[in-house]
Amino acid sequence: MKKVAFYTLGCKVNQYETEAVSEIFEKEGYETVDFEEKADVYVINTCTVTNLSDRKSRQIIRRARKNNEDSIIVVMGCYAQTAPEEVSSIEGVNLVIGTKDRNRIIDYIKKIEENNKSINAVKNIMTAREFEELDINVYKGRTRAYLKIQEGCSQFCTYCIIPYARGPIRSKQPEQVLKEVEKLADSGFKEVVLTGIHLASYGKDIKNTSLLDIVRRIHDIEGIERIRLGSIEPTTVTEEFVEAAATLSKLCPHYHISLQSGCDATLKRMNRKYTAGEYKKVVEMLRSNIPDVAITTDVMVGFPGETEEEFEETYRFLEEIALSQMHIFRFSPRKGTPAATYDHQVDPGTKEKRSNRLMELNRLNMARFHKSFEGRVMPVLFEQEMKERKGYIEGHTANYIKVICKGEDGLKGKIAGVKLERTVEDYMEGMLV
Ligand code: SF4
């Protein structure tokens, strides 16, 4: 039996796609083994979001070669898509495939086996118009399934390389989405997380559908108890959206809404299409209509030209809206994007200081959010037994509070009520009721 090994860098979408590609190999009779084992084929699904991701991708390619010098090495994903020549020239790489045509991977490998010649199969992604169906049929051992329903981004934020790596927006056909969710429900999954490169754009390229529409239709599927949305944009959250969300009981009251900066001048240079004021309105609307809502976000510090005053504006804004969790990133110039060439780059020390201040604010806001639930009984979907604490199990509430409590492994995949007793660092401890 031939063996294949995978390594995935980057985001949830990449993880989804690796899993889908591993099914293609398994159907062909391959056995999937650990990346450090000797395999006949190594597939590295790369990321290119920062210059560092490219470097990491190259390291992993070299590692695969060391694991078996005679193997076929396949490099796919965003780095392969944006720099096919560079990737092809790395010693030992046999096949470069970007973010398209991954379902032809076996044909390419057969050709390489026959002719012993490397293939660069990367095509122009900017002209892609169809969503590439890469389905997962057997979801392994999880209680929460990530489902990729959208591809590409047409926003062109000035710091981001992704539109060049993934091409324009494309949506998975609603019927296909529903079929996959039904499959998930039949396999016992309780929660589905809808993801995409720019999820907010779902449906914009298809007549008569939208993100809200697909959520409504998934809501009707029996067996699925929670629908969670991946990252969305403030512009997605309209009055109509909030009104509908308030009536959809399975839609988790957890919204990850990308902010990046709380200063309008910085947002403008980033080419983000909203103002801090508009973002605040969205937060207020969600909070006054959706009970227990958790709003989480991404913030970037040290964007070129971010002065002390601009950063203070962001800080005060975040202090005021006090979100339940923030992921803080430091701007890192990405070759090929406009922002990499902007004047007034911020020095690393200043970025570090700003990031530390926001991390401290995040700790305070998160603790305050968690404390407001102390004493409450909340349904928790249990995911796994804790390795470091025997007899304890962990899971998440619908509004994404991580909860641990005493419990058996048999609870995995089930939803049960937990009385939340105390806040500990970034999670809460409770007791099954
Ligand atoms: S919205 Fe902006 S940051 Fe997000 S993928 Fe598109 S270009 Fe990149």
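## Salt bridges

Select Glu310 and Arg269: their side chains meet in a salt bridge, 2.8 Å from N to O. Here a salt bridge is a side-chain nitrogen of Lys or Arg within 4 Å of a carboxyl oxygen of Asp or Glu. This is a predicted model, in which local features need pLDDT of at least 70 and side-chain atom pairs count only at pLDDT 80 or more, while totals for chains, interfaces and linings use all residues. Residues are numbered from 1 along each chain as its sequence is written, and side-chain values use heavy atoms, with hydrogens and water left out.

Now colour by secondary structure. Glu310 lies in helix α12, Arg269 in helix α10 (residues 264–270), so the pair links distant parts of the chain, 41 residues apart. Helices (H or I, at least four residues) and strands (E, at least two) are DSSP runs, numbered from the N terminus.

Are the two partners buried or exposed? Glu310 is buried, at 12% relative accessible area. Arg269 is partly exposed, at 25%. Buried means under 20% relative accessible area, exposed over 50%, and partly exposed in between (1.4 Å probe, protein chains only).

Next, select Lys148 and Glu17. They form a salt bridge whose closest N and O atoms are 2.6 Å apart. This pair also links distant parts of the chain: Lys148 is in strand β7 (residues 144–151), Glu17 is in helix α1 (residues 12–27), and 131 residues separate them. Lys148 is buried, with a relative accessible area of 4%. Glu17 is buried too, at 1%.

Glu360 is partly exposed, at 38% relative accessibility. Arg363 is exposed, at 51%. How many salt bridges are there by this rule? The count comes to 32.

## Aromatic rings

Show the rings next. The structure holds 13 aromatic pairs. Pick Phe156 and Tyr164: the ring centres are 5.4 Å apart and the planes stand at 70°, so this pair is edge-to-face. Rings of Phe, Tyr and Trp (its six-membered ring) pair if their centres lie within 6.5 Å; planes under 30 degrees apart count as stacked, over 60 as edge-to-face and the rest as tilted. Phe156 is partly exposed, with 31% relative accessible area. Tyr164 is partly exposed as well, at 33%.

Move to Phe311 and Tyr315. Why is this pair tilted? The ring centres are 6.3 Å apart and the planes are at 50°, so the pair is tilted. Both residues lie in helix α12 (residues 308–321), four residues apart, about one turn of the helix.

Then select Tyr159, Phe303, Phe331 and Tyr342. They form one aromatic cluster.

## Around Tyr164

Return to Tyr164, which sits in helix α6 (residues 162–166). With Tyr164, they form a nonpolar patch on the surface, with about 230 Å² of accessible area together. Patches are made of residues with over 30% relative accessible area and no salt bridge: like charges are joined within 9 Å, nonpolar side chains (Val, Leu, Ile, Met, Phe, Trp, Tyr) within 5 Å. Accessible areas come from the Shrake-Rupley method with a 1.4 Å probe; for residues, only the protein chains shown count as cover.

Now select Gln81, in helix α3 (residues 78–82). Gln81 counts as buried, at 8% relative accessibility. Leaving out residues up to four places away in sequence, Gln81 touches Tyr164 and others, including Gly98, Val122 and Ala165. Contact means heavy atoms within 4.5 Å.

## The TRAM range

Last stop: select residues 371–433. UniProt lists this range as "domain: TRAM" in an unreviewed entry. UniProt positions are given in the numbering used here, feature names are shortened, and annotations may be inferred rather than shown by experiment. Over this range the chain is 2% helix and 57% strand, and the end C-alpha atoms are 19 Å apart.

Finish on Lys412, in the loop between β16 (402–406) and β17 (415–424). Lys412 counts as partly exposed, at 40% relative accessibility. Beyond its neighbours within four places in sequence, Lys412 is in contact with Thr143, Phe382, Glu383, Gln384 and Ile393.
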